[in-house]
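This briefing covers a predicted multi-chain model and is meant to be read beside its sequence and coordinates.

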Protein chains: 12
Amino acid sequence: MSDHVYSVTKLVGSSQKSVEDAIENAIETASKTLKHLDWFEVKETRGYIKDGKVAYYQVSLEIGFRYEKD
Amino acid sequence: MSDHVYSVTKLVGSSQKSVEDAIENAIETASKTLKHLDWFEVKETRGYIKDGKVAYYQVSLEIGFRYEKD
Amino acid sequence: MSDHVYSVTKLVGSSQKSVEDAIENAIETASKTLKHLDWFEVKETRGYIKDGKVAYYQVSLEIGFRYEKD
Amino acid sequence: MSDHVYSVTKLVGSSQKSVEDAIENAIETASKTLKHLDWFEVKETRGYIKDGKVAYYQVSLEIGFRYEKD
Amino acid sequence: MSDHVYSVTKLVGSSQKSVEDAIENAIETASKTLKHLDWFEVKETRGYIKDGKVAYYQVSLEIGFRYEKD
Amino acid sequence: MSDHVYSVTKLVGSSQKSVEDAIENAIETASKTLKHLDWFEVKETRGYIKDGKVAYYQVSLEIGFRYEKD
Amino acid sequence: MSDHVYSVTKLVGSSQKSVEDAIENAIETASKTLKHLDWFEVKETRGYIKDGKVAYYQVSLEIGFRYEKD
Amino acid sequence: MSDHVYSVTKLVGSSQKSVEDAIENAIETASKTLKHLDWFEVKETRGYIKDGKVAYYQVSLEIGFRYEKD
Amino acid sequence: MSDHVYSVTKLVGSSQKSVEDAIENAIETASKTLKHLDWFEVKETRGYIKDGKVAYYQVSLEIGFRYEKD
Amino acid sequence: MSDHVYSVTKLVGSSQKSVEDAIENAIETASKTLKHLDWFEVKETRGYIKDGKVAYYQVSLEIGFRYEKD
Amino acid sequence: MSDHVYSVTKLVGSSQKSVEDAIENAIETASKTLKHLDWFEVKETRGYIKDGKVAYYQVSLEIGFRYEKD
Amino acid sequence: MSDHVYSVTKLVGSSQKSVEDAIENAIETASKTLKHLDWFEVKETRGYIKDGKVAYYQVSLEIGFRYEKD
């Protein structure tokens with residue numbers, strides 16, 4: 001494990017429901033093109049407002065994934 | 001859209017249920033006196049504890065709203 | 001109230017369900033050994049990923065508790 | 001207490017005497033127009049210099065106050 | 001000068017031309033409703049993109065203005 | 001709009017003329033290989049000096065672009 | 001001196017009088033249970049307001065103390 | 001693994017040789033009284049100077065360790 | 001030189017030996033797939049602990065590389 | 001006033017009495033060798049502890065002074 | 001190049017015209033007394049307001065210059 | 001000791017070998033022109049890359065030294 005190199009990419013996920021759902025959407029999308037996703041870290045939590053309510057949450061994440069060997 | 005000016009105000013919302021509910025409470029309260037609420041950004045997430053459980057969440061937000069023309 | 005001294009400790013709670021559940025787990029664990037827990041503040045929200053989904057959330061908290069008077 | 005919403009405003013108070021006096025001046029001025037002031041947090045401490053001495057302190061504060069109900 | 005209290009408000013100005021023009025737009029708008037504007041500090045510089053070019057700049061400012069005495 | 005996922009990439013643009021020109025250069029270059037560029041945020045503004053003048057500005061940006069669906 | 005290990009603990013002291021008095025209260029309380037207190041660093045300065053005046057200051061400190069050998 | 005709670009403590013290790021040696025000293029000392037040490041994060045790297053050379057390095061770390069179940 | 005655009009990517013390198021070795025591992029891995037690597041900046045230094053010793057260092061880097069022209 | 005250039009230097013002042021006295025000591029010392037001192041900003045407030053009391057405060061300041069014209 | 005030592009000084013330049021002009025003024029002034037100026041980094045962008053317009057910009061810079069060998 | 005005033009200067013040292021060696025180079029250079037160097041704090045660790053390897057490390061330090069009396 002100690003000789004792995006990880007790459008970190010930044011994504012922004014959205015959801016009308018919750019912070020956790022926005023995180024899941026970002027990770028699910030990332031997992032379609034990137035393999036070996038390993039961890040994430042929430043960097044910012046924002047959102048848009050419509051008619052006095054949250055229209056949707058926008059959560060930006062750093063996502064770490066393992067570099068493939070060869 | 002490029003010529004709008006926005007004002008940003010800081011509010012703290014509370015909830016016994018969840019982070020999202022505290023956000024909704026702050027926005028709902030703000031929308032009673034401010035028009036054209038447009039976005040928010042979570043700045044701090046805190047809370048108070050009672051009997052070994054979360055008594056309530058306190059989420060501080062910056063909320064952006066459009067300056068009225070005229 | 002103005003003459004109290006508080007101690008602040010840092011904990012990391014985990015949960016497969018939600019950010020709030022990870023917070024509750026950390027506070028419940030802390031309350032078994034520390035008395036007079038008073039407030040918390042979320043410092044980082046991270047998590048681990050498995051098979052394109054969140055495996056579990058990891059939330060680090062600062063928790064404040066009152067120093068006992070002898 | 002858990003259903004309150006707070007507004008946070010930023011003020012800068014000045015004093016020739018001390019940091020605490022600059023804080024008191026800002027709060028006293030705010031209390032003339034805002035009700036239900038509840039807490040403050042010091043954000044920056046600056047000052048101006050004249051003839052090799054502090055001419056006056058300038059302390060910027062975030063001040064939280066409760067939104068009125070009704 | 002040492003006994004003044006200042007209030008600090010946060011605005012976001014926009015411009016298709018430049019960072020400086022976005023700052024001027026925010027200040028000109030603020031000066032219509034607030035008196036005694038004294039200083040500003042740039043907090044974030046962002047913008048939106050269209051067809052591979054900057055559509056407009058968005059600059060968020062803290063603007064300080066003197067509390068009226070009366 | 002609420003179900004979009006955005007990717008955020010970091011670029012550094014340069015210009016001998018101005019901060020805005022360095023931003024435009026970075027965005028123009030990015031737009032050759034990335035589609036759906038949506039927003040940017042300035043993270044650092046630096047530059048190099050030659051003969052007591054600015055030789056060129058270097059502006060680092062985070063640029064957000066929409067993940068394609070398909 | 002170069003082979004010492006220090007532990008850093010975080011405390012919040014309160015005082016109705018001044019920032020310095022709140023610091024002294026935190027250190028005096030810590031010194032009853034911890035030996036070899038060596039240095040402190042102020043992390044946040046806050047307070048509570050009552051009737052348009054500071055009710056009390058709350059200063060959070062990191063306090064360093066030497067690990068005992070044996 | 002997802003239901004563990006971790007505690008985070010802050011230590012400062014010293015060494016005349018290197019940053020890594022100062023980290024090792026802090027961890028070795030911590031491991032004498034704390035069990036289940038799991039990870040560390042460097043927060044500050046400082047040092048003292050004597051006769052134009054580094055007298056010793058001082059590295060402050062946050063160290064995470066697992067709460068015992070029982 | 002003033003008209004170059006750089007891209008910045010974030011990597012995490014690991015090593016059982018030292019901080020420098022973890023940096024070298026990240027850069028060596030990046031250089032297999034990216035050309036024109038130019039500079040790096042250390043963002044975080046962490047590590048894992050086993051049996052009271054550092055098991056391995058984990059250093060996260062931002063690495064800048066030149067966009068190819070053509 | 002708009003064409004002045006200021007230089008900013010960093011000093012650390014000490015005092016057994018108070019934060020303000022440590023600031024005054026730093027400024028008084030600086031004024032012996034630097035002319036046109038204009039403003040200061042507190043960057044860190046620390047101190048040393050002896051016998052369960054503050055031995056002395058150490059306040060680090062950025063001090064701005066005008067570049068002489070000639 | 002790898003054995004150079006650089007010194008970093010902080011300056012504040014002003015201009016009624018633009019951010020870039022304030023940077024140029026600071027660098028031009030610094031170049032009268034310091035040799036081998038090499039790079040700069042913008043740390044804060046502020047300004048003063050008069051009659052609802054920007055009176056002048058104030059940009060604080062860190063400027064790096066090479067230590068002479070001799 | 002409590003009445004000393006310290007000055008803090010920022011330097012950048014370089015080395016092809018290690019972070020520690022870059023720190024030593026900066027301090028050794030500073031000690032040729034400044035007396036009473038007392039402590040340092042690492043602010044940034046960067047470097048340049050050549051042929052997929054670290055060409056040299058660049059470590060920026062704040063160095064504190066005692067103001068001479070008289």
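Chain B and chain I do not touch, and their nearest C-alpha atoms are 22 Å apart; contact here means heavy atoms within 4.5 Å. The model is predicted, so local features need pLDDT of at least 70 and side-chain atom pairs count only at pLDDT 80 or more, while totals for chains, interfaces and linings use all residues. Residues are numbered from 1 along each chain as its sequence is written, chains are lettered from A and ligands numbered from 1 in the order in which they are written, and side-chain values use heavy atoms, with hydrogens and water left out.

**Relations between chains**

- Chain E and chain G are joined by no contact, and their closest C-alpha atoms lie 15 Å apart.

**Strands of chain K**

- Strand E3 (residues 53–66) of chain K has 11 of its 14 residues buried, so it is largely enclosed by the rest of the structure; buried means under 20% relative accessible area, exposed over 50%, and partly exposed in between, with a 1.4 Å probe and protein chains only.
- Helices (H or I, at least four residues) and strands (E, at least two) are DSSP runs, numbered from the N terminus, and two strands pair if DSSP finds at least two bridges between them.
- Strand E1 (residues 6–15) of chain K pairs with E3(K) in the antiparallel sense over 10 bridges, and Val8(K) has Gly64(K) as its bridge partner in E3(K).
- Strand E2 (residues 37–50) of chain K also runs antiparallel to E3(K), joined to it by 12 bridges, with Val54(K) in E3(K) as the bridge partner of Ile49(K).
- E2(K) and E3(K) form a hairpin with 2 residues between them, and Asp51(K) in the turn has a positive phi of about 55°.

**Helix H1 of chain F**

- Helix H1 (residues 19–33) of chain F has 15 residues and should span 21 Å at 1.5 Å a residue, which agrees with the 23 Å between its end C-alpha atoms; the expected span is 1.5 Å times one less than the number of residues.
- The buried residues of H1(F) include Val19(F), Ala22(F), Ile23(F), Ala26(F) and Ile27(F), and also Glu20(F).

**Nonpolar core**

- The largest nonpolar core has 53 residues, and among those with the most contacts inside it are Ile23(A) and Phe40(A); such a core is a set of buried Ala, Val, Leu, Ile, Met, Phe, Trp, Tyr and Cys residues joined through side-chain atoms within 4.5 Å.
- Not counting residues up to four places away in sequence, Ile23(A) touches Phe40(A), Val42(A), Val59(A) and Leu61(A), together with Val54(C) and Tyr57(C).

- His36(E), in the loop between helix H1 (19–33) and strand E2 (37–50) of chain E, has a positive phi near 60° and is partly exposed, with a relative accessible area of 33%.
- His36(J) has a positive phi near 65° and a relative accessible area of 32%, which makes it partly exposed.

**Salt bridges**

- Over all chains, the whole structure holds 60 salt bridges, each a side-chain nitrogen of Lys or Arg within 4 Å of a carboxyl oxygen of Asp or Glu.
- The side chains of Arg46(A) and Glu41(B) meet in a salt bridge at 3.8 Å, N to O; Arg46(A) lies in strand E2 of chain A and Glu41(B) in strand E2 of chain B, so the pair joins two chains.
- Arg46(A) counts as buried at 16% relative accessibility, as does Glu41(B) at 11%.
- Within chain K, Glu41(K) and Lys43(K) form a salt bridge at 3.6 Å, N to O, in which Glu41(K) is buried at 12% and Lys43(K) is partly exposed at 36%.
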